[in-house]
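Me: Please take a close look at one helix pair in this model. I would like the confidence first, then the packing.

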Amino acid sequence: MASRGLHDADPLDPSVLLLQDRHRSHFVETDQLQEVLRPRQQMRAFLSLWRMDPRIRPYVIRAGFYGIYRLGHISIDWPLITCLVERWRPETHIFHVPVGEMTITLQDVAIILGLRIDGPAVTGTCMLDVAHLCGELLGVTPPADAVRGLTISIRWLCQQLSTPGPDADEVALERSARGFLLALIGCFLFPDKKGVHVHLCFLPLLRDLTQTSTYSWGGAVLAHTYRELCRASLDHRCSISGCITLIQLWSWERLHVGRPDFGRSAPYPAPPFAHALHDDDVDGVAPEGMGDGLPAEPVVQPEPEAEAEPEPALPLGCRWRVPLTRVLNPSGVLLLY
């Protein structure tokens with residue numbers, strides 16, 4: 001994006017970038033907008049509420065979401081996300097940065113998040129009978145206060161399905177796994193701006209968990225992320241939804257600005273398995289109160305005749321579970337990043 005001066009965000013040629021008058025960079029450049037985007041994130045709260053029962057682990061692996069679960073909660077650098085939104089152009093779906101043009105691709109989604117990018121599209125209908133659908137696939141019918149339109153409360157899912165009984169049969173465990181996966185989708189892949197509800201259009205796709213793993217979840221996440229970036233870049237928006245973790249991990253992989261410092265000494269280990277997270281004040285959690293955001297899975301001894309199920313390969317994004325280096329991350333994002 002060519003500019004007239006060092007700090008002028010407007011393009012020289014407006015024939016392609018037709019939305020500049022509505023674009024966030026224009027409002028920042030004219031001092032009409034100074035706020036950093038800070039939506040609420042619920043991934044850490046979800047993982048603390050729902051400690052995954054080891055008996056549903058095979059179902060999560062079968063559905064293809066175990067890598068997302070192990071990725072867990074990663075602290076979000078909101079000044080960096082805001083800067084990227086200010087560089088995003090909805091006309092071309094590209095980040096305009098001083099070195100050129102960049103964007104998030106399907107390959108990035110597949111490698112960073114470990115999601116499938118081919119196969120049937122993630123689609124469905126919004127003509128749903130909520131009570132019948134939840135009764136069939138979850139085994140419980142939500143009360144009226146847990147349903148908002150065609151979305152369902154993630155907290156209610158945790159309360160109802162997070163602790164299957166010790167004598168739960170395969171049907172009950174599969175229903176619990178569907179609830180876990182539905183909440184994971186709502187907290188991580190397709191969250192709304194508050195992250196407290198998930199759309200029930202995803203639930204029919206979890207009917208057969210073996211079939212679930214064949215869908216192009218990566219393509220759906222990328223399309224949804226593009227849409228949310230476009231919405232957040234226009235008209236004085238103060239929040240953003242979508243898979244923010246994907247945007248941040250893509251930036252850390254592709255750009256050198258704002259990425260965590262791996263050169264720190266102990267107690268912060270280096271990737272790929274750095275589990276200490278700190279400096280998470282933007283998520284409303286004091287640093288001293290932070291754990292790794294991911295509960296340890298209880299150790300279950302397999303039966304003598306049964307072979308232990310192999311651990312699936314983890315996505316590349318897991319190597320970024322490291323502390324943020326916010327000392328160099330400014331809050332006046334557009335001019336300084």
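Reply: Helices (H or I, at least four residues) are DSSP runs, numbered from the N terminus. The model is predicted: local features need pLDDT of at least 70, and side-chain atom pairs count only at pLDDT 80 or more, while totals for chains, interfaces and linings use all residues. Residues are numbered from 1 along each chain as its sequence is written, and side-chain values use heavy atoms, without hydrogens and water.

The chain has a mean pLDDT of 79, with 74% of its residues at 70 or more. Over residues 264-306 and over residues 326-337, pLDDT stays under 50. Where pLDDT is low, the predicted coordinates should not be read in detail.

Helix α6 (residues 106-113) packs against helix α12 (residues 244-254): their axes (lines fitted to C-alpha atoms over the stretch in contact) come within 11 Å and cross at roughly 95°, on a scale from 0 to 180 degrees between N-to-C directions. The two are therefore roughly perpendicular (65 to 115 degrees). In contact (heavy atoms within 4.5 Å) are Q107, D108, V109, I112 and L113 of α6 with L246, L249, W250, E253 and R254 of α12. By class, this contact has six nonpolar, one polar and three charged residues, where Asp, Glu, Lys and Arg count as charged, Ala, Val, Leu, Ile, Met, Phe, Trp, Tyr, Cys and Pro as nonpolar, and the others, Gly among them, as polar.

Nine of the 11 residues of α12 are buried, meaning under 20% relative accessible area with a 1.4 Å probe, protein chains only. Among them are L246, L249 and W250.

Definitions and conventions:
Parallel < 35°, antiparallel > 145°, perpendicular 65-115°, else oblique. pLDDT = per-residue confidence, 0-100. Buried < 20%, exposed > 50% of the residue type's maximum accessible area, 1.4 Å probe, protein only.
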